[in-house]
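Work through the exercises below with the model open. Try each task before reading its solution.

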Amino acid sequence: MGSPMGSFLDSVSDHGLESDSEESQTESTQIEEDLALLEAMVSVARKSGANNFNHKRQKTSAAASPGSSTPGSDESHADDDEGEGLAAKAQYMETWETMWAKKKEFETFKENRKNERHDQIMALEKEKLELKKKDLELRQQMRDCTVMSMDISGMSETQQKYFLSLQDEIMARRFGAGSG
């Protein structure tokens, strides 16, 4: 499609948006159909030309006024055409405004969905970090438990000092006080 609305519709269909529910999918489809209808109306309006909306009465003689007309003359038909043209233009503008509002509503809908997905991703990432933190704490507790339960009686004096200092660090970290 060559028009801006056509490229908008193409981009909407290219993104392959999937709806979470039947209602949002129906709403998206309805908006897309309405936008396609608007594009068709714009195309028809361009083909018919702008002159259809601008019927002005013209003088038939030098002495005649623009507002005078006789029944059955072309001027009386021009009045009818002018009224129809203005009504058609008003209807076109109303339809266009409605379609524009629907387009904006659809864009807002898409933005809201995008924000919801972003919020969900952020919540999952936060949960993932919390789980990772708990895992690290659990691993540290397991190492601490191993160090605290070691039998150091059969070790050399240097090794005993090393493991006693580790045990003191663990106690300080856990309870805020050392054992020696």
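Predicted model: local features only at pLDDT ≥ 70, side-chain atom pairs only at ≥ 80, totals over all residues.

Residues are numbered from 1 along each chain as its sequence is written, and side-chain values use heavy atoms, with hydrogens and water left out.

**Exercise 1. Compare the span of helix H4 with its expected span.**

Step 1. Helices are DSSP runs of H or I with at least four residues, strands are runs of E with at least two, and both are numbered from the N terminus. H4 covers residues 157–175, which is 19 residues.

Step 2. The expected span is 1.5 Å times one less than the number of residues.

Step 3. Check what comes next. Gly176 follows H4, and its phi is positive, near 80 degrees.

**Exercise 2. Sort residues of H4 into buried and exposed.**

Step 1. Set the cut-offs. Buried means under 20% relative accessible area, exposed over 50%, and partly exposed in between (1.4 Å probe, protein chains only).

Step 2. Phe163, Gln167 and Ile170 are buried. The buried residues of H4 lie within an arc of 60 degrees seen down its axis, so they line one face of the helix. The arc is taken from the directions from the helix axis to the C-beta atoms.

Step 3. Glu157, Thr158 and Lys161 are exposed on the other side of H4.

**Exercise 3. Find salt bridges and trace the network that shared partners make.**

Step 1. Apply the rule: a side-chain nitrogen of Lys or Arg within 4 Å of a carboxyl oxygen of Asp or Glu. The count is five.

Step 2. Take Lys161 and Glu157, whose closest N and O atoms are 3.7 Å apart. They sit four residues apart in H4, about one helical turn.

Step 3. Turn to Glu107. Its salt bridge with Lys103 has a closest N to O distance of 2.7 Å. Its salt bridge with Lys104 is 3.8 Å, N to O.

Step 4. Join them. Shared partners link Lys103, Lys104 and Glu107 into one network.

Step 5. Lys103 is buried at 10%. Glu107 is partly exposed at 27%, and Lys104 is partly exposed at 38%.
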